[in-house]
Amino acid sequence: MRRSTRTSRKLIGVAIVAALALTATACGDDEKDDDGAKPEKSKSGSPAGAVALPRLDGQKIEVAAVWTGPEQANFVKVLKEFESRTGATVTFVPAQDPIVNFLGTKIAGGSPPDVAMLPQVGAIQQAVQKKWVKPVGPEAKAQLAKNYAKVWQDLGAVDGTQYAVYFKAANKSLVWYNTKVFEAAGAQVPKTWKDFLATADTVSASGVTPVSVGGADGWTLTDWFENIYLSQAGPEKYDQLAKHRIKWTDPSVKDALTTLGQLFGKPDLIAGGANGALQTEFPASVTQTFTGGDQPKAAMVFEGDFVGVNIAQAGAKVGTDAKVFPFPAVGATAPVVTGGDAAVALKDTKGAQALLTWLASPDAAKVWAASGGYISPNKAVDLAAYPNDVQRDIAKALIAAGDDVRFDMSDQAPQSFGGTPGKGEWKDLQDFLKNPKDVSGAQAKLEADAAAAYKN
C-alpha cells in the first residue's frame with residue numbers, strides 16, 4: 001500500500017472519530033454571506049461570482065433519477081435553483097432501478113430525458129457503449145478541472161472522453177450506532193473486526209439485537225463485502241477484483257466471505273435473523289435502529305453518510321441520539337469505500353449542457369449540502385454549507401483523501417453483475433446471507449455471474 005493511501009485513510013478515520021462527540025448544529029442561510037448579508041446579485045439574477053449559466057427562458061429540461069423520498073426532494077431543490085438562475089423549466093422524472101433499463105425503454109420510445117443521474121460507473125460505460133450519451137461540454141469540463149480531484153474526473157470518462165459529472169458522493173465505510181443502547185450496555189466503540197464482534201456480543205447480552213442489515217436491498221450486502229475485502233485483501237487486490245482480473249474463486253475472496261460469515265452466521269446478532277434481514281429494505285434498517293426508545297430492534301447499522309437522512313426520519317438527532325464510527329479494520333487499516341451519482345446528457349442541447357455545468361459547480365452542491373444526507377466530491381464546496389459537524393468532518397475527510405479513495409466495487413462492474421436487483425452479485429450475496437457456511441458455493445456463483453457479465 002502506498003504511504004499516501006494509508007495517510008488519507010488515517011485522516012478519514014481521525015475526522016470521523018473526532019466527530020463522535022459533536023452535537024448537530026444548524027448551518028447558516030445558504031443565501032447569505034458569512035457576515036449575514038445577502039450576496040449581491042448579478043444582472044442574470046445569479047449571486048455575484050457564481051458559476052456562469054446561460055439564459056434558457058422557455059426551454060424545458062427533463063432529468064431522470066432513481067432517487068425517492070428525501071433524496072428526490074433535496075435534488076429538486078437543486079433543480080429549482082437552476083430554474084431561478086436560467087429561466088428554464090426542469091421536470092424530475094422518477095426512474096426505476098436499474099436505470100439503464102429504464103433509459104433503454106425511454107430511448108426506444110423516442111422520449112429520452114435530457115439528463116440522467118447514473119449511480120454506477122458500469123452504467124456510465126454501458127450507456128456510452130450504446131451511444132446514448134453526449135460528451136461533456138467545455139463549460140462543464142472547466143468546472144470539473146477547477147473543482148474535482150482527478151479520480152472523480154476519471155470515473156466519469158470513457159476512453160479518455162469526459163461523459164459524466166459526479167454530483168453526489170458517499171463515504172460508504174461508516175457504522176452508525178444508537179447512543180442510548182451503547183451507554184446502557186457499556187459497549188465500546190470498536191476499531192477492529194474482532195472488537196466489533198465483541199461489541200456485538202456485549203450489546204446482545206444487554207437484551208438488544210446488535211446489528212441491523214437491510215438485506216432486501218442487495219447493494220447493502222455488496223458494501224459489507226467490499227469494506228471487508230478492501231481492508232483484508234488490500235487495495236491492489238481490490239482493484240484487480242473490481243476489473244475481474246482475478247476470479248471470485250480467488251483465496252482472498254474466500255477469506256473475506258469467511259470473515260463476513262462470522263457475523264452473518266450468527267442469527268442472534270442480526271435483527272430478525274437472516275430471514276428478517278432479507279425482508280428489511282435499507283431505509284427500514286436505519287429507522288428500526290433509532291426508534292423504540294431504549295429497546296430498538298437493533299443497536300447498529302452499517303452504511304454511508306446518507307444514513308443521516310433516514311435517522312432524521314426516525315426522529316433522532318445525529319451527534320446525540322446517533323453517532324458514527326469508521327468501519328472496523330479487518331486487516332492493517334480501516335477501509336474507505338466511496339460511491340456516487342453522476343449526471344450524463346442524453347440530448348446535446350444547450351439546456352442539458354448548462355445543467356451539467358451547474359451540477360459541476362459548488363453552487364449546486366451547496367443547495368443540497370444544507371439539507372444533510374449528502375456529501376459532494378467537489379473540493380470547492382464551503383464546509384460551512386453542511387448542517388452539522390459530523391457531516392462536515394465526513395465531507396472534509398473525503399476531500400482530503402483525494403485520488404486515494406476506492407470506488408464502490410459493484411458500481412464499477414457491468415450492471416448485470418453489480419447493479420441489478422435479483423441478479424448477479426446482489427442475489428448471490430443474499431443467498432450467502434441465507435447460508436453463510438457455503439463459502440465455496442457462493443464463490444462459484446459469483447464467479448459464474450461475473451464471467452458472464454465481464455465476458456472474460
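Biologist: How many cavities of 30 Å³ or more does a search of the whole structure find?
Modeller: This is a predicted model, in which local features need pLDDT of at least 70, side-chain atom pairs count only at pLDDT 80 or more, and totals for chains, interfaces and linings use all residues. Residues are numbered from 1 along each chain as its sequence is written, and side-chain values use heavy atoms, with hydrogens and water left out. A cavity is a set of points, on a 1 Å grid over the protein atoms alone, where a 1.4 Å probe fits but cannot get out. With a threshold of 30 Å³ or more, the number found in the whole structure is one.

Biologist: Which elements give two or more residues to the lining of the largest cavity?
Modeller: The largest cavity has a volume of about 60 Å³, counted as the space filled by probe spheres set on the points. Its lining residues (those with an atom within 4 Å of a point) include Ser212, Trp224, Phe282, Ser285 and Val301. Helices (H or I, at least four residues) and strands (E, at least two) are DSSP runs numbered from the N terminus, and those that give two or more residues to this lining are α9, α13 and β9.

Biologist: Is Ser285 buried or exposed?
Modeller: Ser285 lies in helix α13 and is one of the residues lining the largest cavity. Leaving aside neighbours within four places in sequence, Ser285 is in contact (heavy atoms within 4.5 Å) with Ser212, Val213, Gly214, Thr280 and Val301. Buried means under 20% relative accessible area and exposed over 50%, with a 1.4 Å probe and protein chains only. Because Ser285 has 2% relative accessibility, it counts as buried.

Biologist: Which residue in β9 stands opposite Val211?
Modeller: Four strands form an open sheet of mixed pairing, in the order β8-β9-β7-β10, where strands pair if DSSP finds at least two bridges between them. The edge strands, pairing on one side only, are β8 (211–212) and β10 (322–326). Two bridges join β8 to β9 (residues 300–302), and these strands run parallel. Within β9, the residue opposite Val211 is Met300.

Biologist: What is the bridge partner of Leu174 in β10?
Modeller: Four of the five residues of β10 are buried, which leaves this strand mostly covered. Five bridges join β7 to β10, and the two run antiparallel. In β10, Leu174 has as its bridge partner Pro326.

Biologist: At about what angle does helix α8 run to β9?
Modeller: Helix α8 (residues 193–205) lies across β7 (174–178), β8, β9 and β10. Axes are lines fitted to C-alpha atoms, for helices over the stretch in contact, and angles run from 0 to 180 degrees between N-to-C directions. On that basis, α8 runs to β9 at about 145°.

Biologist: Which element gives the most to the lining of the largest pocket?
Modeller: A pocket is an open set of points with protein on both sides within 12 Å along at least five of seven lines, and the largest pocket holds about 930 Å³ of space. It is lined by 38 residues, of which Val66, Trp67, Glu71, Trp219 and Phe282 lie nearest its centre. Among the elements giving two or more residues to this lining are α2 (69–86), β6 (165–171) and α13 (282–287). With four residues, the element that gives the most is α9.

Biologist: How far apart in space are Ala332 and Gly234?
Modeller: Ala332 has its place in the loop between β10 and β11, and it counts as exposed because its relative accessibility is 80%. Ala332 and Gly234 are 98 residues apart in sequence, while their C-alpha to C-alpha separation in space is 8.9 Å.
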